[in-house]
Amino acid sequence: MSVRAILNEKGHNVVTVTPDVTVHQAATILHGNRIGAVVVVDPDDHIVGILTERDVVAAIAKYGAACLDSSVSSVMWQNVYCCREEMSIAALMEMMSKLRARHLPVEKEGRLAGIVSIGDVVKHHIRAMEHETEQIKAYIAG
């Protein structure tokens, strides 16, 4: 199984912002969409950063509430770790665990193609285990 299987289940839609959006606007988008991260993209859909809830909290702790009027580009994570659709689920889990990353954008030909969260990976893994359990039950009963 690969990242592509997760994206085929959940879809390829990603909530994005541009680097000039304020931290407050991005926080409102995070809250309104009930998500933990937004991918920051340029006009050509190239990934230039990622902003997570953790980044917003860290910015407030470091700079105070005034940072909410700053642009996302001033507090976003610029060294974005990405994965590809062909990556196996096992490799994805290892990467997320090693990097302590809860969200990984999916990149295809230099552009944003989706995003996977640790929750997506866990859901997919649970479904796979349930499917395997059902197959074993059917084999034993058959």
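In the predicted model, the end C-alpha atoms of residues 7–70 lie 33 Å apart, and this span is 41% helix and 20% strand. For residues 76–133, the end C-alpha atoms are separated by 42 Å, with 47% of the chain in helix and 22% in strand. Both spans correspond to a UniProt feature: the unreviewed entry places "domain: CBS" at residues 7–70 and 76–133.

The protein as a whole has 5 helices and 5 strands, which follow one another along the sequence in the pattern α-β-α-β-β-α-α-β-β-α. Taken along the principal axes, the C-alpha atoms of the protein fill a box of roughly 65 × 30 × 25 Å. Of its 142 residues, 34% count as buried. Among contacts between residues at least 6 apart in sequence, 58% join residues at least 24 apart.

The packing of helix α5 was examined against two other helices. Two packed helices are described by the angle between their axes and the distance between the axes. Helix α1 (residues 3–10) packs with helix α5 (residues 118–141) at an angle of about 95°, and the axes of the two helices are 11 Å apart. Because angles of 65 to 115 degrees count as roughly perpendicular, α1 and α5 are assigned to that class. On the side of α1 the contact is made by A5, I6, E9 and K10, and on the side of α5 by D120, V121, H124 and R127. By class, this contact of α1 with α5 has 3 nonpolar, 1 polar and 4 charged residues.

Helix α4 (residues 89–99) also packs with α5, here at an angle of about 140° and with the axes 11 Å apart. The two helices, α4 and α5, are therefore oblique to each other, and their crossing is left-handed. In α4, residues I89, L92, M93 and M96 meet I118, V121, H124 and H125 of α5. By class, the contact of α4 with α5 has 6 nonpolar and 2 polar residues, with no charged residues. V121 and H124 of α5 are listed in the contact with α1 and also in the contact with α4.

The buried residues of α1 are V3, A5, I6 and L7. These buried residues pack against α4, β4 (103–108), β5 (111–117) and α5. A5 and I6, which belong to this buried set, also take part in the contact of α1 with α5. Just after α1, G11 takes a positive phi of about 105°.

Individual buried positions were then considered. M95 lies in helix α4 and has a relative accessible area of 18%, so that M95 is buried, the cut-off being under 20%. Leaving aside neighbours within four places in sequence, M95 is in contact with Y81, C82, M87 and L104. The C-alpha atoms of M95 and A128, 33 residues apart along the chain, are separated by 19 Å.

P105 is located in strand β4 and is buried, with a relative accessible area of 0%. Apart from neighbours within four places in sequence, the contacts of P105 are V39, I47, I50, V80, Y81, C82, C83, L112, G114 and I115. A distance of 16 Å separates the C-alpha atoms of P105 and D55, which are 50 residues apart along the chain.

T52 is placed in strand β3 (residues 47–52). T52 is buried, with a relative accessible area of 16%. Not counting residues up to four places away in sequence, T52 touches L30, G36 and A37.

With a relative accessible area of 66%, R100 is exposed. At 72% relative accessibility, E109 counts as exposed.

Technical notes: Residues numbered from 1 in each chain as written. Predicted model: local features only at pLDDT ≥ 70, side-chain atom pairs only at ≥ 80, totals over all residues. Heavy atoms only, no water. Axes fitted to C-alpha atoms, helices over the stretch in contact; angles between N-to-C directions. Helix = DSSP H or I, 4+ residues; strand = E, 2+ residues; numbered from the N terminus. Parallel < 35°, antiparallel > 145°, perpendicular 65-115°, else oblique. Contact = heavy atoms within 4.5 Å. Nonpolar A, V, L, I, M, F, W, Y, C, P; charged D, E, K, R; others polar. Left-handed = near helix turned anticlockwise from the far one by under 90°. Buried < 20%, exposed > 50% of the residue type's maximum accessible area, 1.4 Å probe, protein only. UniProt positions renumbered as here; feature names shortened; annotations may be inferred.
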